[in-house]
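This report goes through a protein chain part by part. The sequence and structure come first, and the description follows.

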Amino acid sequence: MNQPFTLHLQSAARHERIAGVVSFVGEDASGRFGLLPGHAPLLTLLEYGLARFRDAAGPWRYLACPGAVLWFADDELFLTTRRYLIDDDYGRISTLLAGQLAEEEAALQSVKDNLRRLEQELFRRLRGLEAGRT
């Protein structure tokens, strides 16, 4: 059997290194997938939601994130995301995902929408200025 791999969780606010991971399950645009030690190199984007991982002796641990870049190579798994939450209790982390992270995503979408409208207004005004010069 292959040796366990190391999971590196990275966000804007913190970094965790979790050694001894024997299994990881996540979901990207193509669907759910699993990683075991010795897996071929992989680069993908995780979807918004829950992933899970475990070490040889422990139960599943759950990871909630609003999407992430996943890179696996040489038995090192790197997950880079804006924010993440970890918990051993599926019910508790599901509630956090539905509440806290969902609210943050909605606020972020609102900011993106406002920036898009501001950009459109700036372009409209620039076109008006250019039309006045010709």
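## A residue in strand E5

Ala-68 lies in strand E5. The model is a predicted one. With a relative accessible area of 7%, Ala-68 is buried, because buried means under 20%. From Ala-68 to Phe-123 the C-alpha atoms are 32 Å apart in space, and the two residues are 55 apart in sequence.

Nonpolar side chains in soluble globular proteins tend to be buried together. The largest nonpolar core here has 19 residues, and those that touch the most other members are Leu-7, Phe-24, Leu-70, Leu-77 and Leu-79. Two or more residues of this core come from each of E1, strand E2 (15-28), strand E3 (31-35), E4, E5 and strand E6 (76-80). Strand E5 gives five residues, the largest share of the core.

## A nonpolar patch on the surface

On the surface, Leu-43, Leu-45, Val-69 and Trp-71 form a nonpolar patch, and together they have about 400 Å² of accessible area. At least two residues of the patch are supplied by strand E4 (42-55), and at least two by strand E5 (61-73).

Trp-71 has its place in strand E5. Its relative accessibility is 39%, so Trp-71 counts as partly exposed.

## Aromatic pairs

A pair of aromatic rings is described by the distance of the centres and the angle of the planes. There are two aromatic pairs in the structure. One of them joins Phe-5 and Phe-72 edge-to-face, with 5.2 Å from centre to centre and 85° between the planes. Phe-5 belongs to strand E1 (residues 5-10) and Phe-72 to strand E5, so this pair ties together parts that lie 67 residues apart in sequence. Phe-5 counts as buried because its relative accessibility is 0%, and Phe-72 counts as buried at 0% as well.

Tyr-62 and Tyr-90 also form an edge-to-face pair, with 5.3 Å between the centres and 70° between the planes. This pair links distant parts of the chain, since Tyr-62 is in strand E5 and Tyr-90 is in helix H1 (residues 90-133), 28 residues apart. Tyr-62 has 15% relative accessibility and therefore counts as buried.

## Charges over a ring

Two arginines place their charged ends over the ring of Trp-60. For Arg-52, the charged end sits 4.4 Å from the ring centre. For Arg-54, the distance is 5.3 Å.

## The loop between E5 and E6

Most residues other than glycine have a negative phi. Asp-74 is not a glycine, yet has a positive phi of about 55°. The residue is found in the loop between E5 and E6. Asp-74 counts as exposed because its relative accessibility is 74%.

Asp-75 is in the loop between E5 and E6 too, and its phi is also positive, near 55°. With a relative accessible area of 22%, Asp-75 is partly exposed.

## Before strand E1

Pro-4 is in the segment before E1. A relative accessible area of 36% makes Pro-4 partly exposed. The C-alpha atoms of Pro-4 and Ser-23 are separated by 8.3 Å, while the residues are 19 apart along the chain.

## Salt bridges

Side chains of opposite charge can pair when their charged atoms come close. The count of salt bridges comes to seven. Among them is the one between Glu-16 and Arg-14, whose closest N and O atoms are 3.7 Å apart. Glu-16, at 25% relative accessibility, counts as partly exposed, and Arg-14 is partly exposed with a relative accessible area of 38%. Arg-32 and Glu-27 form a salt bridge as well, with the closest N and O atoms 3.9 Å apart. Arg-32 is exposed at a relative accessible area of 64%, whereas Glu-27 is partly exposed at 36%.

In a further salt bridge, the side chains of Asp-87 and Arg-92 meet at 2.6 Å, N to O. Asp-87 counts as buried, with 13% relative accessibility, and Arg-92 counts as partly exposed, with 48%.

Definitions and conventions:
Residues numbered from 1 in each chain as written. Predicted model: local features only at pLDDT ≥ 70, side-chain atom pairs only at ≥ 80, totals over all residues. Heavy atoms only, no water. Patch = residues over 30% accessible without salt bridge, like charges linked within 9 Å, V, L, I, M, F, W, Y side chains within 5 Å. Areas by Shrake-Rupley, 256 points an atom, 1.4 Å probe, with all protein chains shown as cover. Salt bridge = Lys/Arg side-chain N within 4 Å of Asp/Glu carboxyl O. Helix = DSSP H or I, 4+ residues; strand = E, 2+ residues; numbered from the N terminus. Buried < 20%, exposed > 50% of the residue type's maximum accessible area, 1.4 Å probe, protein only. Phe/Tyr/Trp six-rings, centres within 6.5 Å; stacked < 30°, edge-to-face > 60°. Lys NZ or Arg CZ within 6 Å of the ring centre and 35° of its normal. Core = buried A, V, L, I, M, F, W, Y, C linked by side-chain atoms within 4.5 Å.
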